[in-house]
Amino acid sequence: MPILITMIILFMIAFFCFCYYENNKLDKSYYSIKSENTEKSFKICHLSDLHSKPFKAILSLIEKEKPDIICITGDYINDRCRNKNKMLELGKKLLKIAPVYYITGNHERRLENFEGLMEELKSIGFTVLLNEIDRNEFCNILGLDENQADFKDYKARKNGTFVYKDMSEYFNELSKCKGFKLVLSHFPENFTGVKELNYSQYDFDLQLSGHAHGGQWIMPLIGPLFSPGQGVLPKYARGTFGDRPKLIISRGLGNSEFPLRLFNHPEIIFINIVKE
C-alpha cells in the first residue's frame, strides 16, 4: 500500500510539472515580410490573449529583440477583470520597451466597466484603437473593435445566423494611407472565413489576430482541436495565411475558461518588415 501511494504522489507531481511546463514554456516565432510599401524596415512584437496572466517572463525576451512597436490583439484582461492592477503594471513595463498598440477581444467587451478599463489603458500609455487608424513613423495601423463578445454570438456563428459587422468604411479609410498598412483584429476567421464581409478583399499588407489559442490542444497528426466561433478542428488557429494581405495568428499567452494547453506552448511573435 505505501508503494502504491508513493507512485500516485509521484505521478501527481509529474503531471502538475508537465501541466506547468505546457502552460508556461514560452515559444518565440519569427516571420519576415518584404514590402515595397514600407519606407523603412521595422520590427513588430505581437502578443495576444494574456487573459489577465501577468506573464513577467515575456519582458526580458521582448527587450532582447528590441521591437519598434508592440501590438496586443485582444483579451489582455479577462471577463472577470482579474489581476487588473497587475496587468496595468505589466503594460507600463511593456511601454518602456516600445509603443503599445492595443485592440479589444471578446473578454474585455463582456466587462461592465469596459469604458473605464479603456481609459485606464490609455492613461498608462497604450494606444487603444476602437475602429481607428493610427499613423506612426513605421506604418498605418487599423485597430478593429469587432465586438463579437456575447456567448449567444458563438451559437449564432455555429448555426450560420450570425450577422457580421461591415468594416468596409474603416478599410476604405485605411486604403487612402500611404505606406505599410497593418490591421489588428482579434478574430482570425474574419480574414477569409466570412463570405461577403471578409477582410482579405481589402487593400492592406498584414493582419495580426489571436483568439483561437492555437486550438488549445494541438494533437499529433490531427492539429488544433477547438476554437470558440470556429468549433472542432479550427482552420484559423495558428500560423499564416495568404500573401498580400497576409494573416499571422498568435497562439496566445494565457488561458481562459479551460486551464490547460497541450503541445501548444504560449507564443510571442516577432515580425521583421523589410523594405524591398
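Visitor: Is Asp 205 buried or exposed?

Guide: This is a predicted model, where local features need pLDDT of at least 70, side-chain atom pairs count only at pLDDT 80 or more, and totals for chains, interfaces and linings use all residues. Residues are numbered from 1 along each chain as its sequence is written, and side-chain values use heavy atoms, leaving out hydrogens and water. Buried means under 20% relative accessible area, exposed over 50%, partly exposed in between (1.4 Å probe, protein chains only). Asp 205 has a relative accessible area of 7%, so Asp 205 is buried.

Visitor: Which residue forms a salt bridge with Asp 205?

Guide: A salt bridge puts a side-chain nitrogen of Lys or Arg within 4 Å of a carboxyl oxygen of Asp or Glu. Here the closest N and O atoms are 2.7 Å apart. The partner of Asp 205 is Arg 244.

Visitor: How many salt bridges are there by this rule?

Guide: One of them joins Asp 79 and Arg 110, with the closest N and O atoms 3.1 Å apart. Salt bridges that share partners also join Lys 25, Asp 27, Arg 251 and Glu 267 into one network. The count comes to 15.

Visitor: Which residue forms a salt bridge with Lys 43?

Guide: The closest N and O atoms of this pair are 3.1 Å apart.
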